[in-house]
Amino acid sequence: MREHYFSQFLHTGMLFPHSSPRDGIFNTSSDPTAHQGIGGVPIESTNYLLDAAHADPVYRTFLAHPSLRAFIREFTGWKHERLVDRAMLRHNCPGSQSTGIHYDQYFLRDSDDEFLTAWVPIGDCAATGGGLMYLENSTPLGKELENEFLRKAQHLPKQERIDAFNKFMAKDGFMSHDAVEFQNMHKEKVGRWLVGDYEAGDVVFHNPWMVHAATKNEDEKGRIRLASDLRFYEEGAKLDQRWMKVWTHDDGL
């Protein structure tokens, strides 16, 4: 999957010359901001490569991996699971902006608030390589913050109220990009930021309220982090219909 994804970017200058797409080594002579993935502002041609990668049959087959689906059912006790179509495939080059601090529920406000996110690193990802970090004991904080956001937005029209970018939210949809500052603001309620070394084949699961972000990619080997975000619901749950379409760069979510 990693080799297949990065092979689509060979002509962009993102990969180190003559390196293997499977390794995904960043070309240090390139500007990392020009090669950002989801959440960044890449050059226009990259946007269309990202669109194609999300619709690619190889990726859609990857999302249906039977071992992952079987584990979801075993872990949750659900008889049948439903994956939202808007799964996301994110690459993060060394030196580019990382995903800011958030919890998942405020992006999916028009669905039931009981779902499971699977974060799937595609290839090894060291603790310094842009993987996810989690704020310890932050589930109650996520619920508290969401209740406050919803209270402020209760008089907005529905489409604005469920929007993660409404006037009561940060303009980029994240609560902060400063992990130390955010932790200190809530230090009486939460613990440490937790991060680890991830290996190919690992999957990390979290609930809709757990506060998390991505670390800055400072991988010593220059590896581009690649990972996929998947949201699973129990069959029959209310789904946010905005998320029942394959991701595109201009879908407004």
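**Contacts, helix packing and cavities in the predicted model**

Apart from neighbours within four places in sequence, Leu132 is in contact (heavy atoms within 4.5 Å) with Trp119, Leu194, Val195, Tyr198, His206, His212, Ala213 and Ala214. The structure is a predicted model, in which local features need pLDDT of at least 70 and side-chain atom pairs count only at pLDDT 80 or more, while totals for chains, interfaces and linings use all residues. Residues are numbered from 1 along each chain as its sequence is written, and side-chain values use heavy atoms, with hydrogens and water left out.

Leu132 belongs to strand β4 (residues 132-135); strands (E, at least two residues) and helices (H or I, at least four) are DSSP runs numbered from the N terminus. Leu132 is buried, its relative accessible area being 7%, where buried denotes under 20%, exposed over 50% and partly exposed the range in between (1.4 Å probe, protein chains only). The C-alpha atoms of Leu132 and Ala214 lie 4.3 Å apart in space, although 82 residues separate the two in sequence.

Helix α5 (residues 139-152) comprises 14 residues and reaches 20 Å from its first C-alpha to its last, close to the 20 Å expected at 1.5 Å a residue; the expected span is 1.5 Å times one less than the number of residues. Its buried residues are Thr139, Leu141, Gly142, Leu145, Glu146 and Phe149. These lie on the same side of α5 because they cover an arc of only 155° around the axis, the arc being that of the directions from the helix axis to the C-beta atoms. The buried residues of α5 pack against α7 (179-185), whereas the face turned away from the buried side carries the exposed residues Pro140 and Asn147.

The model contains 3 cavities of 30 Å³ or more. A cavity is a set of points, on a 1 Å grid over the protein atoms alone, where a 1.4 Å probe fits but cannot get out, and lining residues have an atom within 4 Å of a point. A volume is the space filled by probe spheres set on the points, which are joined across faces, edges and corners. The largest cavity has a volume of about 150 Å³. Of the 17 residues that line the largest cavity, Ile38, Gly39, Gln97, Ser98 and Thr99 lie nearest its centre. Strand β2 (residues 88-92) gives the most to this lining, with 3 residues. The second largest cavity has a volume of about 60 Å³, and its lining residues include Arg2, Asp124, Asp219, Arg223 and Arg225.

Key. 1 Å grid on protein atoms, 1.4 Å probe; cavity = no way out; pocket = protein on both sides within 12 Å on 5 of 7 lines; lining within 4 Å.
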